[in-house]
Amino acid sequence: QVRLVESGGGSVQAGGSLRLSCVVSGYTYMRNCVAWFRQAPGKEREGIATIYAGLRTTYYADSVKDRFTISQDNSKRTLYLQMDSLKPEDTAMYYCSDRAVGLASQCRGEVADFRDWGQGAQVTVSS
């Protein structure tokens, strides 16, 4: 059974940084498309960053580009999200997930394509 556990959330002031971690268990390696999502109160879940393991290519939503960095350590089955220059609008519950894809172009943060979710990590940014 696949299990994802996010950690590293917390409360920071605008301009601060946080690093989220996501440990994946249930199989030997993470699937080749790993991603971070977030869901703010009253809003839909949105994909914000992905890595396609085959080419090590990354994708970022415009809202987090140049501020957030996604990375993974497959030997530890761990996914990371370094979040810098945080803004109040980054306040949300953050989730990780992974899926198997055939092409890098398929590794995008489309919520409907992912099935396994953790409990999430709360990030709160104050102004």
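Is R38 buried or exposed, at its relative accessibility? In this predicted model, R38 lies in strand β4, which spans residues 33–39, and the residue counts as buried because its relative accessibility is 6%, which falls under the 20% cut-off for that class.

The side chain of R38 takes part in polar contacts with side chains from other parts of the sequence. One of these joins R38 to the side chain of D90 at 2.9 Å, and another links the side chains of R38 and S63 at 3.4 Å. When neighbours within four places in sequence are set aside, the residues in contact with R38 include E44, R45, E46 and I48, together with S63, V64 and F68; the list also holds E89, D90, A92, M93 and Y94.

Most residues other than glycine have a negative phi. R77, although not a glycine, has a positive phi of about 50°, and this residue is placed in the loop that runs between β7 (68–73) and β8 (78–83). A positive phi of about 50° is likewise found at S85, which is not a glycine either; S85 belongs to the loop between β8 and β9, the latter strand covering residues 92–99.

Note on methods. Residues numbered from 1 in each chain as written. Predicted model: local features only at pLDDT ≥ 70, side-chain atom pairs only at ≥ 80, totals over all residues. Heavy atoms only, no water. Helix = DSSP H or I, 4+ residues; strand = E, 2+ residues; numbered from the N terminus. Buried < 20%, exposed > 50% of the residue type's maximum accessible area, 1.4 Å probe, protein only. Polar contact = N/O pair within 3.5 Å; in protein donor to acceptor, adjacent residues only side chain to side chain. Contact = heavy atoms within 4.5 Å.
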